[in-house]
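Here are a few friendly notes to read alongside the model. Keep the viewer open as you go through the points.

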Amino acid sequence: MEITLPLLILCIPLFNFLLLGIGGYKMSHKMACIIGVAGMGITAILSYTVALTYFFSGNELFQTAVDGGVERLQYVVFNVDWLAFTDHLVIKLGFLLDPISAMMLVVITTISFMVHLYSRGYMEGERGFQRYYAFLSLFSFSMLGLVVATNIFQMYIFWELVGASSYLLIGFYYQRHSAVSASKKAFIVTRFADLGFLIGILILSFYTDTFDFQTLTNNPGAVLASTGGATFMGASVLTWALVLIYMGGMGKSAMMPLHIWLPDAMEGPTPVSALIHAATMVVAGVYLVARMFPIYMVEGSATMVVAVVGAITAFYAAMVACTQVDIKRVLAFSTISQIAFMMVSLGVASLGHSEVCHHGLGYMASMFHLFTHAMFKALLFLGAGALIHAVHSNDYTAMGGLRKYMPITHITFLIGCLAIAGIPPFSGFFSKDEILSAAYAWSPYMGIWMTIVAAMTAFYMFRLYYLIFWWKDPDYGHHTPHDPPMTMGIPLIFLAAVSCVAGFIPFGHFVTWDRMPYEIHLDTVIAVSSVVIALLAIGLATVMYRRENSIPTKVKNMLPALWDWCYHRFYWDELYMFITHKIIFNSVCRPIAWFDRHIIDGTMDMFATVTNKTSWAIRSLQSGQIQSYVLIYLLGAIILGVITVMAVM
Amino acid sequence: MFENPLIYFVVIPLLMLGGLALCKNIKQIRAVAVAGSVALIGLSVWLLVDYLAKRAGGATDPMLYVDSWMWFEPLNIHLAVGVDGISIAMLLLSSIIVFAGSFASWQISDPKAFFLWLILLSTGVFGFFISIDLFTMFMFYEVALIPMYLLIGVWGSGNKNYSAMKLTLMLMGGSAFLMLGLIGIYYHSAPEGGQLTWNILDIVKNDAIPHGWQSFLFPMTFVGFGVLGAMFPFHTWSPDGHASAPTAVSMLHAGVLMKLGGYGCFRVAIYLMPYAANELAWIFLVLTGISVVYGAFSACVQTDLKYINAYSSVSHCGMVLFAILMLNTTAMTGAIMQMLSHGLMTALFFALIGMIYGRTHTRDIRLMGGLMKIMPFLAVCYVIAGMASLGLPGLSGFVAEMTIFVGSFQHTDMFHRVFTIAACAAIVITAVYILRVVGKLLFGPVQDKHHLELTDATWWERTSTVTLIICVAAIGCFPNFFNELINFTFSPEIFKVIGLN
């Protein structure tokens, strides 16, 4: 494959960032918008070309015939040295084309282009419009660089860059306190997680002497062997490395207990939430595990951690989502829960040995869900943006009965809800069904647990849907809400259309863990039962929230403690506040600063003072008075004389 | 003598001093300062290119452009010069910071005297980096330190007399240790009956310092230079000194002078006494490890911008010494990269703080807020400096820190591992204090209504900051160039201590 197209995919957004970042303040809003949208449009077209070429050209660079079908190959388009630590440990910047990176190219550029387009309407007239587009370009560049990384350090580099662009975009409304502290929180929490990632990389590269993904994943047995059975605190070093790397993924993908930044990140502009905090950046953790999947597969305990953390997070986030008032927060917790689905799916992938289940089914399911989720969650967020744009509030309490005023938003939002709830024929149904199959194959308990979470998903999404579009008919006065302008409407319609049909993509043909295409099939029992359960949950939501009534309050009063805990997100934020503020800030930093000023510096000052005092003390000896000198001389002479006499005697 | 290009690093500043003495008004002074620093940058760049060409041509000596002129025969003192990739990188750094510093002090009061002292200081710095004779090296070192007292005492702010005195006395205390160490090295520089020498290259060739003496002289020299490198617990001059110093002096001091410490530590302490370095590194590793973490924690609760930066420098410079003590090629290369990176970004920080202080007349972050709206250019530069400091890829801090971490992790024992991980953890704390300042100072609502009338950067301020930002980004984007320039010296053939490991 020509090097030009892949290189342009990375360079256009980077160039746009520099152009808009440096020259933006001299441009008109329209100009900045055209540059941003056109650049992303071209990038999207190029990405589609690359992805389609990869999947369909049948070129021998990309696939090879093996018995029983074809195997898709990993193809390195380019790979240049960037920083050589030692002869083997070299950070390279490159472009790796394989099924998951090609899929991610499509996902990122599609959503990013839609968001660029949508922002034209949403951000109209905002101060810093050019800066906004510059940051979006920076983000797109970093995210694209992340998914095409050829080695783990390149991934870490772009990982940090997406973190920084996320920081800049969350804090876009920098004059708001809440936005500033949210951006700070997001950066620091993910930075803390990245510490784990970094140490994981250091451990892994120390034993394997390479950063390269292909070297690592093509022969996981060799990776295992290279550690030579070394252990640390009871676990093998490979487990440590993988769990620490996963910690980085937990931070970015908002897994418990590092999830606390994501709900706050909703302080950013809504299109940003759609792009970064729903569809692309937050799935980086999933992508990371998927990228290193063969190594995770040989280390069962690390995979177990992935699955268990995912399962707990999925349930937790779903519970919290049932009680939130801010519609973006509901969506944020829903995102956490759905990403946890993908994590669980990866965690259970390696052990799917049952007959009905293709080996590594969970891997395919996870990627499938990543794809469909990106589409319908971006749709939901953009829909939420349209609602916020119309009523100027994030709370559902300010909404209600909006179906009459905003038909396009209503229909597209409903499609998004049906997709995430797992109702056929919408896309979420197909991917979630695969995940549930994988979970059941791993352990029936896991399957049941995830089915319950899926039911909760259907419930809270329809709770949200009804509260926004039905529930009550408030008087909107002169500000009658209306559908957004076409720049915002087109992305909604497009994404809704994708959410309707994406489920029919034969995903197994494209993305599998061993890159061998296979036919996916629905597990009828699981499919039917999960649809029935989802419908029951939707029915429950309908009963409770379709019309304004007192059932929700009654339910809340029945379980006040549980409701309180859910509403306050199980007090995680307070716990973190306590640790950072009370313990680290007040009990570590302050004492250290005090110690430095008073003890260390005090000692240094003491040397000076003592020297000073001593000189003052002995100063009187140099009084300049002849009489006193004579006196001392005489005294000395007498003492010496006495000593001599005594010595002689 | 004048056919050796290195000597011009001292000649140009001396000519500048002469020129400044003749200047009649501020315009001429500025012209001399700018012309001189441009000439220095030009010379460093030429040297860099020529050096790389020579290396590409197969020159394998540890140092190139080596020359030596007798200065004082009875003690065999020479003016000896010679450079390798590391010194060239340092020369380049120094000339860029002198350039940026000249622009940052565009409107200083009593410019003639100020620039005279400033250029004298840079003479010392350049002389230090080109010297390979321990005695002249030490002389230049002192030449660089003394003007600091006057620059802070006269042009400083706040509690300037105390700070100037403290800084000078502490650094002099370090020099005392250092002098002892250097004299000790001299008297053991040759085998029994041989000609004693101050020349670094000859001392290494002779390899005559007995191991017993090494374990006495190594701590002497390391602590001597370490004081200037802000090693715990000898770092307390740094916060006070920086807080009181005028902008350009802070820039030069944190940007270049503190590098003298790190440079001296490896060029003298470790290079000349590899056995003791190998034996005793762990003691200093503990101290510098503490510096890294402790500096970062202290910075978290400061409210004065310069104190924050001074403590951050303690942390970052601690990282330099920490990495040097890891005694392997990768980590030591990282240490030099960290010196370059820290020099540039701290200079940038101090320049920006000076510019902000010049407008708001306060450095207390509690009294400021929302500057992004008022002075967007300076604020954006501050964010970039902050991002470099917390190690964002694409800027210099990241490559330096990663090289250090990867290098440090090559040690397999628990002791090194624990300290390496603690140092890694410090980068999280760095993020905390950087974002705290950025969030408080630049973002949020405007705190003081009077600040709304303030103006953004002038052209000379822009020149100063943009120069530094370009350099920070250059290192961050093309690290391998610097990596290769530096790590030639850190090969086991040249740096014996690496082979010992």
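1. Which residue takes a positive phi just after H17(B)? In this predicted model, that residue is B:Gly444, with a phi of about 80°. Helix H17 of chain B covers residues 414-442, 29 residues in total. From first C-alpha to last, H17 of chain B reaches 42 Å, close to the 42 Å expected at 1.5 Å a residue.

2. Now for chain A as a whole. Its secondary structure comes to 25 helices and 6 strands, and its C-alpha trace spans about 120 × 70 × 55 Å along the principal axes. Of the 649 residues in chain A, 55% are buried. Take contacts in chain A between residues at least 6 apart in sequence: 79% of them join residues at least 24 apart.

3. Do look at the largest nonpolar core, which has 434 residues. Helix H16 of chain A (residues 361-391) gives the largest share of this core, 22 residues. A:Ala378, B:Ala89 and B:Leu352 have the most contacts inside the core. Leaving aside residues up to four places away in sequence, A:Ala378 touches several partners, among them A:Ile111, A:Met114 and A:Leu495.

4. Finally, the contact between the chains: chain A brings 37 residues and chain B brings 38. On the side of chain A that touches chain B, strand S3 (75-84) and helices H5 (152-170), H6 (177-208) and H24 (572-619) each supply at least two residues. H6(A) gives the most, with 12 residues. By class, this side of chain A has 26 nonpolar, 4 polar and 7 charged residues.

How values were computed
Residues numbered from 1 in each chain as written. Chains lettered and ligands numbered in written order. Predicted model: local features only at pLDDT ≥ 70, side-chain atom pairs only at ≥ 80, totals over all residues. Core = buried A, V, L, I, M, F, W, Y, C linked by C-beta atoms within 7 Å. Buried ≥ 20, exposed ≤ 12 C-beta atoms within 10 Å, placed from the backbone. Helix = DSSP H or I, 4+ residues; strand = E, 2+ residues; numbered from the N terminus. Contact = placed C-beta atoms within 7 Å. Nonpolar A, V, L, I, M, F, W, Y, C, P; charged D, E, K, R; others polar. Expected span 1.5 Å × (residues − 1).
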